[in-house]
Amino acid sequence: MQLALSVGTRDKVFNLEAAMLELPQIELKVIHRFSKGVYARELRIPAGVTLVGEIHKFENLNILSAGTMIVTTEEGMKEVSAPFTVVSPPGTKRAAHTLTECVWTTIHGTEEKDVELIKNHFIATSEQEWLEFCNANQLELGFN
């Protein structure tokens, strides 16, 4: 298993997040959708917003179904427009800047319907928690 981003890019995402936490925050509209064995977290993001995602413990599917953004990818920063779909490896933490209003959906496979339980299972709240999760599950940290 390899982390989605190189060490340098990952550090930049964390540094960006730390700087952004000093700025005024906005609430983004989140829509939770459920079907058999699937949870979809749909995020509505206005144009001109810079955001940093959470650390995902497991591989997941991401879909940009509307809009254009600049986002960190395994190949570096990239401008993408809907429709755009990417599979994120475990450990992924992305940064993005929306050029237009966007709709970004993250898909997780689960029968769970409680959003907090889903978040606790799929998301590491810090780099330390992610590293502990990797150690406990004997996951190899092979940086790109």
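Reply: Strand β6 (residues 68-73) and strand β9 (residues 95-98) pair in the antiparallel sense, over 3 bridges. Two strands count as paired if DSSP finds at least two bridges between them; strands (E, at least two residues) and helices (H or I, at least four) are DSSP runs, numbered from the N terminus. Within this pair, Met-69 stands opposite Thr-98 of β9. The model is a predicted one, in which local features need pLDDT of at least 70 and side-chain atom pairs count only at pLDDT 80 or more, while totals for chains, interfaces and linings use all residues. Residues are numbered from 1 along each chain as its sequence is written, and side-chain values use heavy atoms, with hydrogens and water left out.

The β6 and β9 strands belong to an open, antiparallel sheet of 4 strands in the order β3-β9-β6-β7. Its edges are β3 (50-52) and β7 (76-81), each of which pairs on one side only. Neighbouring strands in this sheet are turned by 20° against each other on average, direction ignored; axes are lines fitted to C-alpha atoms, for helices over the stretch in contact, and angles run from 0 to 180 degrees between N-to-C directions.

The loop between β7 and β8 holds Pro-83. A cis peptide bond joins Ala-82 to Pro-83, with omega about 0°.

Strand β8 belongs to an open sheet of 5 strands, ordered β1-β2-β10-β5-β8 with antiparallel pairing. Because β1 (29-35) and β8 (84-88) are at the edges with a single partner strand each, one side of each has no neighbour in the sheet. On the β8 side, β5 (residues 60-66) pairs with β8 over 5 bridges, antiparallel, and Leu-64 has Phe-84 as its bridge partner in β8. On the β1 side, β1 and β2 share 7 antiparallel bridges, with Tyr-39 of β2 as the bridge partner of Phe-34. Their hairpin has 2 residues between the strands, and Gly-37 there takes a positive phi near 75°. β2 also pairs with β10 in the antiparallel sense, over 8 bridges, where Tyr-39 stands opposite His-108 of β10.

Helix α2 (residues 115-122) lies across β1, β2 (38-45) and β10 (102-109), and runs at about 90° to β1. This helix gives the most to the lining of the largest pocket, with 5 residues. On a 1 Å grid over the protein atoms alone, a pocket is an open set of points where a 1.4 Å probe fits, with protein on both sides within 12 Å along at least five of seven lines, and lining residues have an atom within 4 Å of a point. The largest pocket has about 1,200 Å³ of space (the space filled by probe spheres set on the grid points, which are joined across faces, edges and corners). Its lining has 47 residues, with Leu-43, Leu-51, Val-52, Gly-53 and Glu-54 the closest to its centre. The lining divides into 25 nonpolar, 13 polar and 9 charged residues (Ala, Val, Leu, Ile, Met, Phe, Trp, Tyr, Cys and Pro count as nonpolar, Asp, Glu, Lys and Arg as charged, and the others, Gly among them, as polar).

As for confidence, the chain averages a pLDDT of 87, and 91% of the residues score at least 70 (pLDDT is the predictor's confidence in each residue, from 0 to 100). Over residues 1-5 pLDDT stays under 50, and the model has 30 contacts for them beyond four places in sequence (contact means heavy atoms within 4.5 Å). Where pLDDT is low, the predicted coordinates should not be read in detail.
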